[in-house]
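User: I would like a close look at a single part of this model. Please keep it brisk.

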Amino acid sequence: MIHRILEFSLRQRVFVVLAAAGLVMAGIFAALRLPIDAVPDITNVQVQINTEVPALAPEESERLVTFPLETELTGVPGMDEVRSLTRFGLSQITLIFKDGTDIYRARQLVSERLQDVLEKIPPGLAPKLAPITTGLSEIYQYVVDYAPHATNKPPTRREQLMELKLIQDFTIKPSLRTVPGVAEVNAMGGYEKQIVVLPQPAKLRDANLTFEELAKLIGENVENAGGGVVNHDGEQLIIRSVARVETTEDIANLPVKFAAGIQPILVKDVAEVGIGSKVRTGAATENGEEAVIGMAMMLTGENSRIVAKRVGERIQEITAKLPPGIVIRTVYDRSALVDRTIGTVDRNLFEGAILVVGVLLALLGNWRAALIVA
């Protein structure tokens, strides 16, 4: 058999050379598109449903939220297993599907089932599907901060973290989510800037107002409203009420009650209005100092090395558009880890090949035979 192969190869030299060249080109083409990662992702096909439950204890969340969701989602086509986790403020359900199941079809089936369970859980709760990522999809981390010599940064670190969180949420995150292969961009740390109205109970009692009435009156007076259309001289005039607030002073000067006096009772007469932040349940630090950290999550099945490089390139574009004094520092780049891993493999293969050639040369005494075997 070997003689026939050798004879055919010698007689059909052009065909053998062309076939070898074709195989080399196909190999190069496949190698350039081969998904390479430092750690293999063996996560099964799964869909997660997260529900924020801010006002219930874990026992009540389990009974009123998690159990109805589990009952409704049981029996989804292709599902192998269902798991649940209930903590204070969170109900999480994980559906495990059979290998080879189309993740997008599985999410569609789950979404259809969720529409039927909304009437069975407490009002105001909104179960949401988690992004199409896995535990190994965190491919890029960066820190948003002020430059050491920035002149426009707020005086306190708390105020700086508020501004940095706004830049992360409204400038950096929307731009990174358009990168091909990125499923979600998360953030840790910072303060979520809010306008805080702090009622004074004694003043509310004197004005004969309750907390609910004050909140309702403020909510009704901070939104624009349409007033219809008036036809006049062949033209249509659109009428609307412009009441959207722009500053804390606008909220403080809102009237909440017209008593017997000449002037109405304003919000600032019964409450304090200022800039505050949402209650935090965690923080992020860099080198022992609080910071705002962003994380780019890769879409399941993508090439982490290529997607991480795309994110790095987009970070460079975003940096040029940020306000003066704002910098983005990369703290983790999966592409660098993959490149170092590939470098380690290359070095080990090269050293192993040299060792094999040396051993064969010593045993066979023929360098040609050693190279052929190697």
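Is Asp339 buried, partly exposed or exposed, and what is its relative accessible area? Please go on from there to the sheet and its salt bridges.

Analyst: Asp339 is partly exposed, with a relative accessible area of 32%. Here buried means under 20% relative accessible area, exposed over 50%, and partly exposed in between (1.4 Å probe, protein chains only).

This is a predicted model: local features need pLDDT of at least 70, side-chain atom pairs count only at pLDDT 80 or more, and totals for chains, interfaces and linings use all residues. Residues are numbered from 1 along each chain as its sequence is written, and side-chain values use heavy atoms, with hydrogens and water left out.

The side chain of Asp339 meets that of Lys309 in a salt bridge (3.8 Å, N to O). The term stands for a side-chain nitrogen of Lys or Arg within 4 Å of a carboxyl oxygen of Asp or Glu. The pair links distant parts of the chain: Asp339 sits in helix H11 and Lys309 in helix H10 (residues 304-321), 30 residues apart. Lys309 is partly exposed too, at 36% relative accessibility. Helices (H or I, at least four residues) and strands (E, at least two) are DSSP runs, numbered from the N terminus.

H11 lies across E5 and E16, at about 35° to E16. Axes are lines fitted to C-alpha atoms, for helices over the stretch in contact, and angles run from 0 to 180 degrees between N-to-C directions.

The sheet is open and has four strands, in the order E6-E15-E5-E16, with antiparallel pairing. Two strands pair if DSSP finds at least two bridges between them. The edges are E6 (182-188) and E16 (326-333), each pairing on one side only. Neighbouring strands are turned by 25° against each other on average, direction ignored. E6 and E15 (residues 292-298) pair over six bridges. Asn186 stands opposite Met295 in E15.

Helix H5 (residues 157-176) also packs on the sheet. H5 touches E5 (138-146), E6, E15 and E16, with contact meaning heavy atoms within 4.5 Å. The direction of H5 makes about 135° with that of E5.

A salt bridge joins Lys173 and Glu184 (3.8 Å, N to O). Lys173 lies in H5 and Glu184 in E6, so the pair ties together parts 11 residues apart in sequence. Lys173 is partly exposed at 24%; Glu184 is buried at 13%.

The structure holds 16 salt bridges. Those that share partners join Asp145, Arg157, Glu286, Glu289 and Arg329 into one network.
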